[in-house]
Amino acid sequence: MKNTLTIFILTFIISFAFTGCKEDFLEESPVNIIAPENLYVNKSGFETGLYGLYNLVRRERGGIDGGPTTNTSNDMYITPAFVGVDNAFSPFPAGNQQPERVFNAFGVTLNPAVPYISNVWQWLYQTINAANTIVDRAENPAIKWTETEKKQIVGEAKLVRAWAYRHLTFMFGDVPLNLTESKGSSIKTDWERSPIATVRKVMEEDLLYAEANIAELASNAARFPKAVATHYLAELYLTIGDNTKAKQKAQSLISNANYKLVTARYGVNKANPGTPFTDMFLDGNSNRSEGNTEALWVLQNEYLSAGGENCIMRRWWVNRYERISVGGKTPITFSIENGGRGLGRFGITKYALSVYGPTDDRGGDFAWRYSYTMNNAASLPTGAKLGDVVKLSTTGNEPVTNSTTAQSWPSIRKWDWAPSLASDLQQSSNYNDLIYLRLADTYLLLAEAQFKLGELADAATTINVLRNRAKATPITAAQVNLDFILDERSRELVTEEHRRYTLLRTKTWFDRTKKYNINASTVIALRDTIMPIPQTVIDANLTKLMPQNPGF
Amino acid sequence: MKKTVPIPNLLWKFMKITIYQLLIVMLLGSMTMAHDSPAQEVLNRPINIINSNIELKDILSLIEKQADVKFVYSTKIKSNQRLNVSANNRKLSAVLEEILKPNAISYEVFENRILLKKSKAEQTSIIPNEKETIQQTEANLEKTVSGIVNDGNGVGLPGVSVALKSTTRGTLTDNNGKYSINVPDQNSILAFTFVGYLPEEKNVGNLSTINIVLREDTKALDEVVVVGYGTQKKSDVTGSVASVSRERLEQLPNTNIAQALQGAIPGLQVNTNSGGAEGNDNSILVRGRNSISASTAPLIIWDGIPYTGGISEINPNDVESIEVLKDASAAAIYGARASNGVILVTSKQGKKGKLNITYDGFYGVQNIANKPNLMTGGEFYDFKKNRLNIPANSITASEQAVYDAGKAVDWYSLATHQGTRSQHTLSISGGTDKISFYLGGTYLDVQGIAVNDQFKRYSIRPNLDIKVTPWLTIGSSTQFSFQDRSGRPADFSGQFGANVMNPLTTAYNADGTPTVYAWPEYNTSGNPLGETVAQNKDNSYRIFTANNIKIDFPFLKGLSYKLNTGVEYDNTQRKTYYGLGTATGFEKKGSATNYNAIERNFTAENILSYSRDFGKHSLNITALYSSQSHDYDRDQLTGVGFPNDVLTNYQMNAATLLTPSADNYTQNLVSQMGRINYSYDSRYLLTLTTRRDGFSGFGVNSKYGVFPSVALGWNISKEDFMKNVKFVTNLKLRGSYGLNGNQAVSSYQSLATLATRQYLNGTTVLTGYVPSRLANEKLGWESTTSTTVGLDFGFFNNRIQGSLDIYSGQTQDLLLNRIISSVQGFDRILQNIGQTANNGIELGITSVNFQTSSFKWTSNLNVSHNKNRIVDLYGDGRDDVANGWFIGKPIRTIYGLQNAGIFTSQSEIDGSSQATSKLGYVKVADIDGDKKISTTLDRTILGYSDPKVVYGFSNTFTYKGFSLMVFINGLMGVTKENPLEQDDVFGDVRRNTTKKDWWSPTNTAGTHFSNDALANTFNVRFYEDASFARLKDVSLAYQLPSLILNRLKLSKVKVYVTGRNLATFTKYSGLDPEINNQLDVPLQREFIVGLNFGL
């Protein structure tokens, strides 16, 4: 009996101890991780890849604070495209290394180690890698889709890739060209900066591919329509000096029946006083589906909705009106009418205010905040009552940074928005949809091409389309010159266009910024035309020295 | 009456020597230390002796070997008398009857010890000896001396020999340790001797009662240590194994075992990273930092099973001992997880015999050890008013109003209060023939010094040991615990925590609730007390159970098999609700988070061991096959935008926006291990170990690793030539060499992943993904090759004992989150690259410095020095400046711009590299001397964050029932940033800061840079020497003497007071040199009173 038991136990042990586990015991099969291998297998998988890409695109107007992987409501990604130019600066820059301070102060604050520089670099290359991943993996023959479906997706990915290289080339000049999906098994430590012309060649190819293959009108508001490719092609050709092609591309878009300028009152505010020009920027009017025929692409935002948060255009462009001091009191407080809470991180220069003629809708009260109405019963100056108007000064120079008068400087109303929740007027983000690209910009690209080609009369005609819409006095061919076109761009597109890129394209950034931006004029140097390559990128390029831009 | 008795004296000496030899024989005979056994079972053990005419002592030692018992007898019993014995499988009781009865010797069994004594009738009579001249007769004996002999813990020692010195007269103590002896005169000397204890002598003088405390002879004890997959005699251990005894664990009222380990073991650095109620934020570093980015935490094995939970969830009251495996050989049995050292925690087990009921309890108060010197409202107002280069009108209307009304808030005071800590433990243990048990229950309640910072732990531990048959044992050891971390503490270190919150604000509404926005103009600032009104229920339930079946194979002596299984189950449930009264809740119209996580761990180990002595050869072989499976599953749902606060966490269906999140992983480990321990004559020792580990988290191309090691030991003190070196009690030289791994990788870390990034079409959310990590198929363990040479020593009968270790380790295949060019879309990737090295020396000494019969002073000093350096990073010998890693320098090197003071004269500015600077601005050292300050080129090494020397020093003074313990620990050679030196108030002075001696034109003697937003444009950080010595614990205890205890029928009563963190000696001017975040909850100073008693 005892022996039997012993043998039984021994057998049990030996079988337990030495049979071991199944072969796949150490294989990993995660149930909660999305990997490229299980996502990019069909059309809908690729579409989620595209929406990820558009999320990266929309971050342009969101916060960067905390690095490229965190969505926040501080430090706008695209800061240098907006401020540190002829028509904009920062009235209230934060901290020491915040981008709006960097592009106000330049000098030592603009250096290769400033976190903003490496964050913006990484965000753009992250976008490029995400696009490359889609482009590369679309070649997998196992995917079942039609050639049209495939080209549509690859086309959009290439369009976003070109969009990212556009930012990179304007900001940094020559940049490394990465056109394949990054793999852990092939880390490069010897990147080279490709000449800007090479990069632009790739951009041209990508844009042409996109133009040829993506749908005329996008299947939903998130996605780029073909028009975006055409528009950026026009701009690219202007940039590289191929004015004929630029003119041709711009014209093709302007003549596209799907798009036309908004010339009449429409939409949510139609019954109230206003202008056709300013109607476009109102919540409920900005989208194509809401009647905006001019919009090429509209940035989608949504209150309390994943994917629709942390857009900080209003927070950055609206001034700190709640600090306006009258008789020692602060009679103006946050309201929806006042556009929500702003931090005045960005503001326009005196020049930008000065370019409008008296009849121009674009310079009028519906476009600009030249005065506020007292609405703070808690802090009324002696003798004043609610509803009294406080007029802001528009005659002097733009205020000195962080000065006592900085809050009393006019600001643009294009980005006004506040939630209708009384509890939360101070919300950080915009939750209204914002125009990103519109046909008026294409008109001005056309005018620029026509001017470059010497077709001044045509240029004047093109410009007058916009001026007529805004009730500004039409101009004659004789008035057309580069400065006029740049002024017209500011009139039409101030705080919308990437002004820095426009000035770089026309090689006027240094001169015009020096001339018109009073804060920046004393601190900018020629080296500031392009930004320094991030020190981390130079440090990480272990086996090959990556040259820094001159002067840094 | 003076007498000259030369011959007996000599005889006495002779006999003493014989006894010592006897003791040694007995000890060697008892090497295979037995479990406790009841008397009857012992007496039934079979004996085989076929011999005649051998000395009694030889017979006894034969019996000792066969029956696994130990004999204890006094010198009165003539052990050299020759006897005839024959026994063939007879019961021990029968054999003893036969050999002892004719010699008028009776016996008693205490556990495994058999006490021999002369039969009653002869007890105090003179035992004649043929060589001895009888000098005294009964008539000469004038007085009677009696008393109790105890073991220092108040327990009477039975069977102690009490002899009248220089005679053969003597007696033994009875079951309660009592004795009574007649002595001739006042000059008589009593000698007390007992196996396992150091002898004592006492002059009789006028005394009629002499109570004696015998101290344990640590040499004789022959300590057994837990070494993983078994135990070993300390003298046979070849690796570096350090033990923390139960005594040390019980000496101080600790909340967790990390606190008990701090400063207790050489080569172990335990750092308290932050304050707070739970006290669980500790980091433990064994022999320096091997890893640059992977975990450096040691592996914790609890009752043989890997433990993954929090260290604060192990109840230190239930712990019998803690062993730390430090070198490659000792730790090698844990292969891929061993290179950071291994901590073995062993739970208390029941013992056979009397039922023991004990109560331990303490109560203490906690206060802030050190407060930051923050500005008051008025000072802040002036500071803000006078600050240069900030926006004008920065003082907002509400700030002005608060200032005018004189209602500034001292946020720090509001966010802190006096904390308390109390704990109650009740335990019952005992056992019968076949079953022994331990049942302990503990309740811990800590109210931290941060308002609303609470931690409660309820735990119960049933342990059971069942001997089913002589060859089958079943053991079970379990802890059920419930941790309650409910309540959210006041915010200290957040953007607007109590440490930095603007004082010109309003803390409370008229109704006494905290304001939502303490500062109306800044809605980002909230209220540091906001967290305290959030509703938070945070409970975790943990079961940790280790169960084993052990079979001692009857057919092959020494062969046994053990199946050890472990289950760890942890469920954490958290429900947090921020109502409209908090900033978060106000902005989001209520925010509710429901969190539920389950973590499980299953371990099965098959351990086959064979242990046998062949003459002088002793062999022990252990083979292991084990597998472990660990999984985790978390569900979390956050809802915002509710109609009201009524239904708090139970209204997710009404939320405007729901954000779910989840996590899940499974990781598996399979291992085989083999270990051979061989010793020759207990003098020459050899250990060979190999472990092979396969881990699911490793990359597909590197699933398995093999980790071999070898160790040698030489017990020098057991050599013949050491016999005459009297002062050396113990001397052992050991050396080891081997490879250990650091598993480092977590599940799925080697796979490429995508992250969710949504976008919108109108109001419809569109799910999107972007690449978020690069794959690495070759990702594997980090491996450390290390060599240790150590010396264990004991001098003067172990009055001084300790060990000295010198080690050197090289770590390769370091898992580095290497910075790569972000051109690839990622700025880092995890790779096995790089090498580091650690060399060090560590010394631990325990000594009895001073001792009389009533006073004793013992010291324990341990000190270790470690030198850490990076050998290579990316295989190209280049530094990684971006990460601050430099070849040849320690891993944690501080690299940055160097503070060179402030500019105090214009000529200084003119001659400097900062020509545009102003007076009072920070001067930056121009390291490259190019006359301009570059934030990249002028960086330099400013210090190292890991200490060069770690030490712990404890002294215990005992006087009669009193004992005083003073414990100091500290670090040397460490640099730390002092963030309190920064203003850090934001551009428009939104935050408070510490009071400083700001330089200004009117305060040109000021040492701190001026109150100017641009004074430190280069953002120079300030570093200081953070070496410190801390008076960590002072504990005074009083224990009732055993006579009173006997009367009270108690076995132990002890009361104590303890002070913790009483004083810190340091040059560091931050809050505390040890904690990480100087702006977080501060460290507490504690005073505790406690009571232990046992029935």
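Let's start at the end of helix 10 of chain B, where Gly406(B) follows with a positive phi, near 65°. Helices here are DSSP runs of H or I with at least four residues, and strands are E runs of at least two, numbered from the N terminus. Before going on: this is a predicted model, where local features need pLDDT of at least 70 and side-chain atom pairs count only at pLDDT 80 or more, while totals for chains, interfaces and linings use all residues. Residues are numbered from 1 along each chain as its sequence is written, chains are lettered from A in the order in which they are written, and side-chain values use heavy atoms, without hydrogens and water.

Back to helix 10, residues 397-405 of chain B: which of its residues are buried? They are Ser398(B), Glu399(B) and Val402(B), where buried means under 20% relative accessible area (1.4 Å probe, protein chains only), exposed means over 50%, and partly exposed lies in between. The buried residues of helix 10 of chain B pack against helix 9 (377-386) of chain B, with contact meaning heavy atoms within 4.5 Å.

Now, Phe962(B) sits in strand 50 of chain B, residues 962-972. Phe962(B) is partly exposed, at 41% relative accessible area.

Finally, the two chains together. Their contact takes 89 residues from chain A and 85 from chain B. Between chain A and chain B there are 2 salt bridges, a salt bridge being a side-chain nitrogen of Lys or Arg within 4 Å of a carboxyl oxygen of Asp or Glu. Asp988(B) and Arg323(A) meet in a salt bridge through their side chains, at 3.8 Å from N to O.
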